[in-house]
Number of protein chains: 2
Amino acid sequence: MEIIDVRLAQRSYPIYVEPGGLDHLGALYRRHGLGPRAALITDELVRPLWADQALQSLESSGVETLLITLPPGEEHKSLVSADHLYEKLIEAGLDRKATIIALGGGVIGDLAGFVAATYLRGVAYIQIATTLIAQVDSSVGGKTGVNHRLGKNLVGAFYQPRLVLIDPGLLRTLPMRERWCGMSEVLKYGLIRDLELFEPLESELTDLVELRDLEKLSRIIARCCQIKAAIISQDERESDLRRLLNFGHTIGHALEAASRYALKHGEAVAWGMLAATWLSFAKGSLDEGEWARITHTLEKIHRPALGAYDDQTVLKYIHRDKKVQDGRIHFVFLHGIGEAFVCPEVDDQDLRDALGYLRTRDATRA
Amino acid sequence: MEIIDVRLAQRSYPIYVEPGGLDHLGALYRRHGLGPRAALITDELVRPLWADQALQSLESSGVETLLITLPPGEEHKSLVSADHLYEKLIEAGLDRKATIIALGGGVIGDLAGFVAATYLRGVAYIQIATTLIAQVDSSVGGKTGVNHRLGKNLVGAFYQPRLVLIDPGLLRTLPMRERWCGMSEVLKYGLIRDLELFEPLESELTDLVELRDLEKLSRIIARCCQIKAAIISQDERESDLRRLLNFGHTIGHALEAASRYALKHGEAVAWGMLAATWLSFAKGSLDEGEWARITHTLEKIHRPALGAYDDQTVLKYIHRDKKVQDGRIHFVFLHGIGEAFVCPEVDDQDLRDALGYLRTRDATRA
């Protein structure tokens with residue numbers, strides 16, 4: 001089992017990464033000295049796949065667990081769902097010593113984490129990430145929250161779990177499209193911070209996505225968590241270092257929104273990373289060889305075509321983004337594989353050029 | 001101006017106490033380096049009394065302020081109100097650099113504080129307490145939250161303000177009944193921790209409630225905040241030391257609930273302190289002279305008669321209380337004026353005796 005320590009000023013916690021780790025849930029729960037009662041929060045897609053195994057592990061360790069199942073989907077990451085969860089917790093008489101366990105992807109993690117942060121002013125929280133993207137991204141950093149009808153992720157709290165459990169074996173039931181989305185974020189970590197992480201991805205990307213070597217994938221996931229944890233530890237609230245994690249996200253988020261979410265997040269980020277890599281080359285910070293090498297690997301990520309979009313719409317979304325401060329876009333470039341930096345010197349013409357470049361890549365796929 | 005530093009592991013903040021302090025709001029805002037935009041949250045009762053003065057002070061310091069007014073009353077301390085506030089903040093385009101300012105009593109403070117804790121995962125927060133009870137109690141400790149339809153204060157967060165402003169001059173518009181409620185909590189601080197605080201209260205209680213000496217009241221309020229801050233700093237989450245603050249509250253809360261809130265919190269606590277003081281005497285920890293002296297002062301607190309209640313109902317509420325852990329009631333006793341201690345050795349017969357004693361006091365008032 002790999003254990004990554006997320007060290008934070010206020011509270012530190014471990015991430016346990018192991019194929020088959022779900023069976024150790026009860027033992028880990030006990031090891032952390034958590035209270036005798038828990039609520040396991042999941043959704044209707046994950047419940048038939050993994051909830052029984054989680055409940056059995058908890059039960060065999062003597063943890064009395066209330067199972068709460070929500071409908072799946074981003075639209076249920078809402079205050080209404082939070083209110084429903086509070087109600088279930090209160091009705092079950094769960095007190096301050098209770099633990100909330102999220103079993104699911106980003107939506108369940110964000111929602112259950114927010115409820116843990118705010119039920120009785122905060123109870124213990126465990127996250128079990130069941131998607132690759134949640135395993136390498138949302139399980140580190142303590143972001144919790146819900147959407148508001150006027151915008152995504154506008155309500156929330158920074159709240160750290162007591163522990164995170166990542167069982168790469170859970171990815172067996174994850175649809176291929178979701179796995180590729182996660183792999184896009186995995187590649188990001190290699191590109192911004194770690195050549196040694198990038199190299200196995202370069203050679204075995206498809207094998208990894210097909211789960212042909214769970215032990216190797218497990219080490220890769222652990223490495224991603226380590227990279228994010230190191231960045232977050234140095235920079236708990238968002239600023240320059242943390243901005244590196246946004247590599248590919250400035251254009252990616254905008255493409256995602258412009259596609260009206262026909263592109264999934266990881267897919268849009270893959271496109272965004274292609275654009276950012278090209279822009280790094282075009283602006284002279286990345287040499288042609290590395291650009292070609294990175295692009296070759298990024299192109300392997302399965303994703304839909306970009307299709308028709310209007311530069312102006314994409315630019316509008318970019319400027320609306322939280323990453324834009326005082327009108328300046330803090331764009332993440334690469335010097336090389338594993339070496340990223342932030343530069344606010346990007347203008348609309350650069351962005352238009354990058355979007356034009358993406359169009360040529362899109363055309364070669366058609 | 002008196003400045004009390006609330007020192008916490010995570011974040012420290014000052015409480016400014018001064019008659020006329022509301023006029024310095026804008027200057028204090030600037031001194032703390034807060035962003036150019038703020039939202040002032042108040043209720044319909046406080047708005048015509050003090051909102052203009054607050055807005056003028058902010059405006060003269062160049063702070064662009066959005067005023068949001070809610071209906072008054074505990075029933076609006078809800079997720080529905082929080083949602084409404086998020087909407088107003090989003091519509092006004094307030095970003096992470098915005099500051100939320102609460103202008104009101106406990107309801108507005110708890111609600112606005114919760115919204116500050118959760119809007120965009122937390123923005124800066126200032127509390128201006130307009131009731132005596134909020135000035136000496138809820139302005140220290142970082143408790144924020146809303147009620148759930150299944151119970152009070154079940155949803156919330158610990159979230160510290162950047163600063164608290166207490167202007168005792170604001171009490172001029174506070175109804176006498178509310179002032180007496182606050183004075184009940186003021187007396188509590190003297191009884192649990194500070195003979196020197198108790199003495200002026202003993203001799204001048206009515207003059208102080210009638211605001212005949214704002215400077216002296218100001219020093220008394222500051223002392224209460226200091227006592228609470230010292231306790232909280234040593235014991236940020238609730239445990240033994242913090243339990244001292246519950247003096248009079250075990251029986252008080254139960255009487256409040258049993259009266260169906262016909263008794264206000266401070267009034268019920270006054271009754272509860274009478275009971276706890278008597279029990280301290282009856283169990284031998286307090287001598288008769290001190291018991292009589294304390295009782296003489298507590299009896300001055302204006303409050304309605306207890307009226308008819310049923311011991312069994314009160315006991316039921318006591319056992320339902322959060323202060324009861326594993327069936328043991330952590331009851332706060334006095335050794336002397338300024339010296340409190342927690343003892344879990346209280347049984348139902350003790351409580352029945354104390355309730356019987358209260359009945360005799362109630363009868364002497366009739």
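**Note on the predicted model**

1. Charges of chain A. The 43 positive and the 50 negative charges of chain A have mean positions that lie 4 Å apart. This value, like the others in this note, is computed from a predicted model.

2. Confidence. Chain A has a mean pLDDT of 94. A pLDDT of 70 or more is reached by 97% of the residues in this chain. For the complex, the predictor reports an ipTM of 0.92 together with a pTM of 0.93.

3. Overall form of chain A. The secondary structure of chain A consists of 14 helices and 13 strands. Why can chain A be called consistent with a compact globule? A compact globule of 366 residues would have a radius of gyration near 21 Å, and the 20 Å of chain A agrees with that.

4. Interior and surface of chain A. Among the 366 residues of chain A, 58% count as buried. The accessible surface amounts to about 14,100 Å², and carbon and sulfur atoms hold 48% of it.

5. Asp362(A). This residue is part of helix H14, which covers residues 348-365 of chain A. Is Asp362(A) buried or exposed? Its relative accessibility is 11%, so Asp362(A) counts as buried, the cut-off being under 20%. Which residues does Asp362(A) contact, once neighbours within four places in sequence are left aside? They are Trp271(A), Ala305(A), Leu306(A) and Gly307(A).

6. Glu267(B). In chain B, helix H11 runs over residues 265-282 and contains Glu267(B). With a relative accessibility of 2%, Glu267(B) counts as buried. Not counting residues up to four places away in sequence, Glu267(B) touches Arg177(B), Cys181(B), Ala262(B), His302(B), Arg303(B) and Pro304(B). Trp180(B) is 87 residues from Glu267(B) along the chain, yet their C-alpha atoms are separated by 7.7 Å.

7. Leu120(A). A point on backbone angles comes first. Most residues other than glycine have a negative phi. Leu120(A) is not a glycine, but its phi is positive, at about 55°. The residue sits in the loop of chain A between helix H4 (106-118) and strand S6 (124-129). Leu120(A) counts as buried because its relative accessibility is 14%.

8. Tyr261(A). Here too phi is positive in a residue other than glycine, with a value near 65°. Where is Tyr261(A) found? It lies in the loop that joins helix H10 (249-258) and helix H11 (265-282) of chain A. Tyr261(A) has a relative accessible area of 46%, and is therefore partly exposed.

9. Gly122(B). This glycine is placed in the loop between helix H4 (106-118) and strand S6 (124-129) of chain B. Its relative accessible area is 13%, so Gly122(B) is buried. Gly122(B) and Ile232(B) are 110 residues apart in sequence, and their C-alpha atoms are 22 Å apart in space.

Definitions and conventions:
Residues numbered from 1 in each chain as written. Chains lettered and ligands numbered in written order. Predicted model: local features only at pLDDT ≥ 70, side-chain atom pairs only at ≥ 80, totals over all residues. Heavy atoms only, no water. pLDDT = per-residue confidence, 0-100. Helix = DSSP H or I, 4+ residues; strand = E, 2+ residues; numbered from the N terminus. Rg over C-alpha atoms; globule rule 2.2 N^0.38 Å. Buried < 20%, exposed > 50% of the residue type's maximum accessible area, 1.4 Å probe, protein only. Areas by Shrake-Rupley, 256 points an atom, 1.4 Å probe, with all protein chains shown as cover. Lys, Arg positive; Asp, Glu negative; His and termini not counted. Charge placed at Lys NZ, Arg CZ, Asp CG, Glu CD. Contact = heavy atoms within 4.5 Å.
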